[in-house]
Amino acid sequence: MQDSSGVYHMFASRITENCGLNSWSTNSEIVRAVADVPVGPYAFKEVVVDRFAHEPNLVVGTAADTVILLGTMNAVRPTQFNNCTPHGASVGSQVSQDVHPARNTYMWSAASAEGIAKAPRQLVISAPKWDTDPLHNGAICDTNAAATVGPNGSLVGLWRRCETANLHTVPHTFTATDALNATSYQPNITGACSVCPIVQLRGGRLLWVKILFDVPRPVC
């Protein structure tokens, strides 16, 4: 996102201890970086959410002074992390990537990108309630939640849910009547979400419109 002074802010996952993506579920943290142009280069500014935290998705609110960050993290901070060489190879005993506490989805909101790091987290999708897979140690799927805010301040988004024995995930919609009110977030699990792209020409500009709707899920 670009702030009022023209600075671009990027929120991203960073894997600590020189590790690669194979250690994401213990070593991932959410960081903020800034740049003068959208393509960078970006300079690291701060850790926004400490380990474990992953999949940050920035949602710009309808008001110019509202920034919302969605992200996945454990309800309780892990106490063990993998350690790797500068080339990404594991060093010593490694923490299992298969068994972890519930990966809840939280929302942080602030008046600016700089304020997100100090904002309190608010639970919007409870993994034990909505994303539980009893065949694999309960809720271990992360939601990959992403959303957009409408003109009236409501929110609509997509999240994925564990639904098969092989940890295959199925996308669904979620909504909120007020994007800033965590208690108004409501996941939908009644069917798989389909995306129907429509191309429109409006005012001489080519627009891509995606219509999201829930339909009964066929057998995969």
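This is a predicted model: local features need pLDDT of at least 70, side-chain atom pairs count only at pLDDT 80 or more; totals for chains, interfaces and linings use all residues.

Next I checked its partner. Glu-17 makes a salt bridge with Arg-51, 3.1 Å from N to O. I placed both ends: Glu-17 sits in the loop between S1 and helix H1 (24-27), and Arg-51 in the loop between strand S3 (43-49) and strand S4 (53-60), so this is a link between distant parts of the chain, 34 residues apart. Arg-51 has a relative accessible area of 14%, so I log Arg-51 as buried.

Then I counted. I get 3 salt bridges by the rule used here.

Another entry is Glu-29 with Arg-14, where the closest N and O atoms are 2.7 Å apart. Glu-29 belongs to strand S2 (residues 28-35) and Arg-14 to strand S1 (residues 8-15), so the bridge ties together parts 15 residues apart in sequence. I noted Glu-29 as buried at 6% relative accessibility, while Arg-14 is partly exposed at 34%.

Last pair: I found the side chains of Arg-32 and Glu-46 in a salt bridge at 2.9 Å, N to O. Arg-32 is in strand S2 and Glu-46 in strand S3, 14 residues apart, and the pair links distant parts of the chain. Why do I file Arg-32 as buried? Because its relative accessibility is 5%, and buried means under 20%.

Methods. Residues are numbered from 1 along each chain as its sequence is written. Side-chain values use heavy atoms; hydrogens and water are left out. A salt bridge is a side-chain nitrogen of Lys or Arg within 4 Å of a carboxyl oxygen of Asp or Glu. Helices (H or I, at least four residues) and strands (E, at least two) are DSSP runs, numbered from the N terminus. Buried means under 20% relative accessible area, exposed over 50%, partly exposed in between (1.4 Å probe, protein chains only).
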